[in-house]
Amino acid sequence: MATIGKLSATFADNLKLDASHTENVESAWGGPLALPPGTSGEKFAKFLAGVGDVCGKSEITLVSSQDQLKGGWYLEQSKVHDMHSIYDEDFFVASAVVTPSSVPQVQALVRLANEYEIPLWPISIGRNVGYGGAAPRVRGSVVVDMGKNMNKVLSVDEDSASCLLEPGVTYSELYDYLIEHNLHEKLWIDVPDLGGGSVVGNCLDRGVGYTPYGDHFMMHCGMEIVLPNGELYRTGMGAMPDPTQPGFDPDAPLHEQPPNKCWQLFNYGFGPYLDGIFTQSSLGIVTKMGMWLMPNPGGFQSYLVTVPNEEDLHPLVETIRPLRLQNILPNVPTIRYITLDAAVLGHKKQYVSYEGPITEEDKRAIEKKLQLGRWNFYGAVYGPPVIRDAMLSVVKEAFLKIPGAKFLLPEDMKENSVLHIRSKTLRGIPTYDELNWLDWEPNGVHLFFAPISKVSGDDAMKQYEVSKRRFEEAGMDFIGTFTVGMREMHHIVSVVFPRGNPKKRDRAVWLIRTLIDDCAKHGWGEYRTHIGLMDQIQGTYSFNDNIQRKLNETIKNAIDPKGILAPGKSGIWPSKYDKKQWVLDSKVEKKF
Ligand code: FAD
Ligand code: EUG
């Protein structure tokens, strides 16, 4: 696993320094490309030797060569750097990756990291594409890959429609598990656009899917967490021992205690509810998480509403708000801009022969070719036929009041339409079709800009116009979608630029950093972001002299005094880190 790179004399010598770990000296190991900050090669070697004793040395990959930073894509994701880098390829890079196999190993690893003051960056699957992937915020951190060996569906409670998962379970794997156990007709899952992510990892970044269970954090129930000092904590009802459970033994190790029977049934337990502070955070490594599954509602019907013009976004959103609040739109439907659907179904060069933004005329041609509108609303109704029919008639009547709107079912579309793909996603079936739009332009790097909007025609139009204008200024195609939550929309805008083109990369970074500031001026903040933009976005959540950041730092320093866990995540820096040195400059010059 770690047979990469030329032997680095100092690094090997340093390893040899500790006689008790001489078995860990492998001549094939070179030194890391990036040492953890403030750490000598000697100290790092000792730390890794200790990690090898805990996890097995074959569970360590040293990042010692630039070659390791080449290649990789969504399905073969890099665990050592950001494949969609917004700075140089080796800017956000790990020193090593460790793959623990058990909760006690994670605890021991965290204790070692404290002893040697080594920053750890936990991931589950590392497919956080567009947000930094698996890469750590602090160069030289050790990535803790929780997904490789800790990947079991621990239990599915058929009666209560819930499950308990380890971090490495992907949406596809959970779906396959239900099929294998013949539960898939009874219990549905919720998936994001792509099925290869971790159910736990996505929830921890507060990701979104598209069934009625689309708000993943809302639908999680109970977490088990290794705290920054190595202690084990179970949230909610998990905090209460349950002597009625088979296998309960007060003397057994904690991680072997069978969980409380209500852990996956009631989120809040007693006292302050802490689950939220472990999301988008640096306060723990999650080792187990409960999720609710959706009982088969008795059937499902997807549909598409197309509207012809840019400004039709306004009436579309005004129509959506009351229906969503009334649960006549019971899931997380999406309003997709034409370029996004065009990208799912083809490469840019299949539509136009020029570079730069697609013209109005060509957008019209694409819409005609694909049977789509400028904005395309993908929804679904759930339930037995009588309920679906009643709901569909309300939906249809409401949307068809918009001049030029069309209402379409999958059978009205050509084969391989986006509606056919969405039909699976909205039913909770994992797919990979949307990977296509990553190839809109060859070898593209993707970066997501994701501000929250009111579900109001005025706000949606304004937010779209602010974004579109900046895309035009940067000479880039606007590609975006609004995912409709219960009372807000996540506006997901994809910034794409060609890999290996520093000029275009700088332009994309200018675009997203400018948009963050533009949106802040309108009171719009992002729900999630790339590791390179976290400082800037934390800075926009500045009510009362940045009290949010200060409170988070107080908590951080209290429970992680050495700042070993994910320093810098979400713009929260432990006191050990000098912000002047670490916070990334958000001021970017316009150089084009
Ligand atoms: P990971 O990379 O494993 O985890 C994400 C982050 O959570 C980590 O960086 C880490 O900070 C934290 N974390 C993970 N595991 C742990 C742990 N055990 N303990 C502590 N912290 C941890 N996202 C959506 O939400 N919805 C979508 O519909 C969607 N569509 C996409 C479409 C495309 C084409 C692309 C390219 C991306 C899309 N994404 C979407 C973004 C992303 O791919 C998914 O959110 C994906 O699930 C995130 O990667 P992951 O599950 O492997 O999480
Ligand atoms: C998408 C959706 C997201 C996200 C990143 C990408 C999908 C784009 C709703 O959240 O965070 C088509």
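**Figure 1. Surroundings of ligand 1 in the predicted model, with 31 residues around the ligand.** Ser 124, Ser 198, Tyr 210, Arg 528 and Lys 569 are the closest members of this shell, in which a residue counts if one of its heavy atoms lies within 4 Å. The model is predicted, so local features need pLDDT of at least 70 and side-chain atom pairs pLDDT 80 or more, whereas totals for chains, interfaces and linings use all residues. Residues are numbered from 1 along each chain as written, chains are lettered from A and ligands numbered from 1 in written order, and side-chain values use heavy atoms, without hydrogens and water. The shell around ligand 1 comprises 17 nonpolar, nine polar and five charged residues (nonpolar: Ala, Val, Leu, Ile, Met, Phe, Trp, Tyr, Cys, Pro; charged: Asp, Glu, Lys, Arg; polar: the others, Gly among them). Strand 3 (120–123), helix 5 (199–204) and strand 10 (285–292) each contribute at least two residues to the shell of ligand 1 (DSSP runs numbered from the N terminus; helices H or I, at least four residues; strands E, at least two).

**Figure 2. Backbone polar contacts of ligand 1 with Gly 126, Ser 198 and Val 208.** Such a contact with a ligand is a pair of N or O atoms within 3.5 Å. At Val 208, a backbone N or O atom is 2.8 Å from a nitrogen atom of ligand 1. On its own, ligand 1 has 960 Å² of accessible area, of which the protein covers 95% (Shrake-Rupley method, 1.4 Å probe).

**Figure 3. Ligand 2 lies between domain 2 (153–243 + 256–295) and domain 3 (300–499).** Both domains give residues to the shell around ligand 2, which is why the ligand is placed between them (bounds from an automatic or database domain assignment). Among the surrounding residues are Asp 193, Val 208, Tyr 210, Trp 437, Phe 448, Thr 481, Thr 483 and Ile 492. By class, the shell holds seven nonpolar, two polar and two charged residues.

**Figure 4. The largest pocket, with a volume of about 1100 Å³.** A pocket is an open set of points on a 1 Å grid over the protein atoms alone, with protein on both sides within 12 Å along at least five of seven lines, and lining residues have an atom within 4 Å of a point. Points are joined across faces, edges and corners, and volume is the space filled by probe spheres set on them. Of the 47 lining residues, Asp 205, Arg 206, Thr 279, Gln 280 and Tyr 527 lie nearest the centre of the pocket. The lining divides into 21 nonpolar, 16 polar and 10 charged residues. Helix 15 (543–559) is one of the elements that supply at least two lining residues, as are helix 6 (313–325) and strand 19 (488–498); helix 15 provides the largest share, five residues. Because domain 2 and domain 3 both give residues to this lining, the largest pocket lies between them.

Terms used:
Polar contact = N/O pair within 3.5 Å; in protein donor to acceptor, adjacent residues only side chain to side chain. 1 Å grid on protein atoms, 1.4 Å probe; cavity = no way out; pocket = protein on both sides within 12 Å on 5 of 7 lines; lining within 4 Å.
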